[in-house]
Structure formats: C-alpha cells, structure tokens
Amino acid sequence: MKRRLALLALCLSITACQSNNPYVAQSAPLPAAPPSAHNGVDMTAYPAPPRDYGRYRNWTWANGQLPPGTTWADSAQVAEAVSNGLDQRGLRPSSNPQTADLRVTASTRMETRTRQERDDYYDPYYGGTGMGYGGYRPGYGGYASAPIVRTYQVQVMVVQISMFDGRSGQPVWSASAETGSGGDQSERAKALRQAVQSALTAYPPS
C-alpha cells in the first residue's frame with residue numbers, strides 16, 4: 001500500500017511539472033534619457049579657471065558716467081586721480097567704450113575711525129631709593145611709568161575702486177583705501193592721489 005501511495009505521488013508531481021507556468025518572463029524597454037544628458041559635461045561642477053588679467057589692456061567708465069564727487073573732492077578730481085592710477089598700472093582709456101576690456105567705477109565716502117594713543121607717564125617720585133629733597137632718601141626719587149591711553153575719533157575719506165569685465169559684466173577686482181580728511185584743497189588732492197595709488201597697489205592680484 002505504501003509503495004502504491006509513493007508511486008501515485010510521483011506521478012502527480014510529474015504531471016504538475018508538465019502543466020503551463022502562470023509566470024511569463026517579460027522585458028520592458030529602458031526609459032529615455034533626460035534632456036540634460038545631451039548637454040555633455042557639466043562645467044559648473046568644476047572650479048573656474050584662473051582669470052587672465054594680462055588680457056585687460058584698456059578701460060572705460062561703467063555706464064559712461066564719471067565717479068560722483070563730494071564736498072571733499074569733486075567728480076573731476078576723483079576721475080583724474082583714478083585715471084592716472086590706472087595708467088600707471090598699464091591700463092589705458094579705451095578709444096571705443098563699447099569694446100573696452102574693463103568697466104571701472106570709483107566712489108568716495110566719509111567714515112569715522114576710532115584711534116588710540118598710548119603715553120607712558122613717568123612719575124619721578126614713585127617709591128624706591130633715589131635723589132630726593134636733600135639727597136638720597138628711601139621712598140623718593142624712583143622712576144616708574146604709568147601708561148595713559150587716549151581714545152578719540154577722526155574722520156577719514158575712503159576711496160573705493162571696482163572693475164568689471166567689459167564683455168560679461170562680471171566683477172573682476174575691487175579694493176579700497178583711506179586717507180585723512182583734513183588740510184586745504186591742495187593737501188586733500190594729494191591725499192586722494194595717495195589713496196588711489198594705495199588701492200591699486202593690489203592690482204593685478206598675484
């Protein structure tokens with residue numbers, strides 16, 4: 001009996017293997033590539049190449065406007081000081097402002113600065129043994145310093161110079177320098193030129 005049951009089970013398993021498999025293998029096509037895949041390499045993922053400052057040879061005022069003036073220095077004085085400073089850096093005014101390599105802006109403004117001065121005050125009658133009244137006596141004639149710090153505020157003129165690429169309009173370089181705001185007109189003009197030269201010392205950046 002057991003043998004017949006085993007034989008019957010074997011026949012049933014063989015019959016089941018020969019029946020149709022309800023699971024049918026199917027394949028779906030791959031989805032289309034996104035439009036961005038046709039743009040090639042994404043260059044924004046890499047750092048920008050170093051800027052070639054040697055290709056900047058000439059300049060013009062941005063928007064064709066001279067720098068604004070102040071009560072400290074008028075527009076013509078600021079424009080002349082900046083133009084002379086750029087000339088010393090090898091940058092010449094463009095004969096055709098539309099194709100200038102650089103577009104330049106300049107401005108001046110007054111700002112307040114806090115200064116400190118330290119004075120070492122010497123007390124000739126501070127402790128110790130030294131020359132006092134009538135000769136050397138303990139407790140007289142010694143010298144000691146007592147620092148005194150004086151804090152005060154001054155007005156300075158800040159000169160700001162900025163350069164932009166003539167084609168792309170992107171910022172190329174910017175710097176500022178400051179100078180004292182006192183003196184007569186001649187002294188202020190000299191101080192303005194010195195401030196411009198100081199600001200342009202860092203151009204082109206190394």
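**Figure 1. Helix α3 of the predicted model.** Helix α3 comprises 16 residues (residues 185–200) and reaches 23 Å from its first C-alpha to its last, close to the 22 Å expected at 1.5 Å a residue. That expected span is 1.5 Å times one less than the number of residues, and helices (H or I, at least four residues) and strands (E, at least two) are DSSP runs numbered from the N terminus. A191, L192, A195, V196, A199 and L200 are the buried residues of α3. Seen down the axis of α3, these buried residues fall within an arc of 165°, so they line one face of the helix; the arc is that of the directions from the helix axis to the C-beta atoms. Buried denotes under 20% relative accessible area, exposed over 50%, and partly exposed in between (1.4 Å probe, protein chains only). At the start of α3, a side-chain oxygen of D184 reaches to within 3.3 Å of the backbone nitrogen of S186. This is a predicted model, in which local features need pLDDT of at least 70 and side-chain atom pairs count only at pLDDT 80 or more, whereas totals for chains, interfaces and linings use all residues. Residues are numbered from 1 along each chain as its sequence is written, and side-chain values use heavy atoms, with hydrogens and water left out.

**Figure 2. Helix α2 and its two ends.** Helix α2 (residues 75–88) has 14 residues and reaches 20 Å from its first C-alpha to its last, close to the 20 Å expected at 1.5 Å a residue. Its buried residues are V78, A79, A81, V82, G85 and L86. Viewed down the axis of α2, the buried residues fall within an arc of 165°, so they line one face of the helix. A76, E80 and Q88, on the other side of α2, are exposed. D74 caps the N-terminal end of α2, a side-chain oxygen lying 3.3 Å from the backbone nitrogen of A76. α2 is followed by G90, whose phi is positive, near 85°.

Figure 3. A search of the whole structure finds 5 salt bridges, each defined as a side-chain nitrogen of Lys or Arg within 4 Å of a carboxyl oxygen of Asp or Glu. E111 pairs with R109, the closest N and O atoms being 2.6 Å apart. R113 also forms a salt bridge with E111, at 2.7 Å between the closest N and O atoms. The side chains of R113 and E178 meet in a salt bridge (2.9 Å, N to O). This pair links distant parts of the chain, with R113 in strand β3 (residues 102–123) and E178 in strand β7 (residues 171–180), 65 residues apart. Salt bridges that share partners join R109, E111, R113 and E178 into one network.

Terms used:
Polar contact = N/O pair within 3.5 Å; in protein donor to acceptor, adjacent residues only side chain to side chain.
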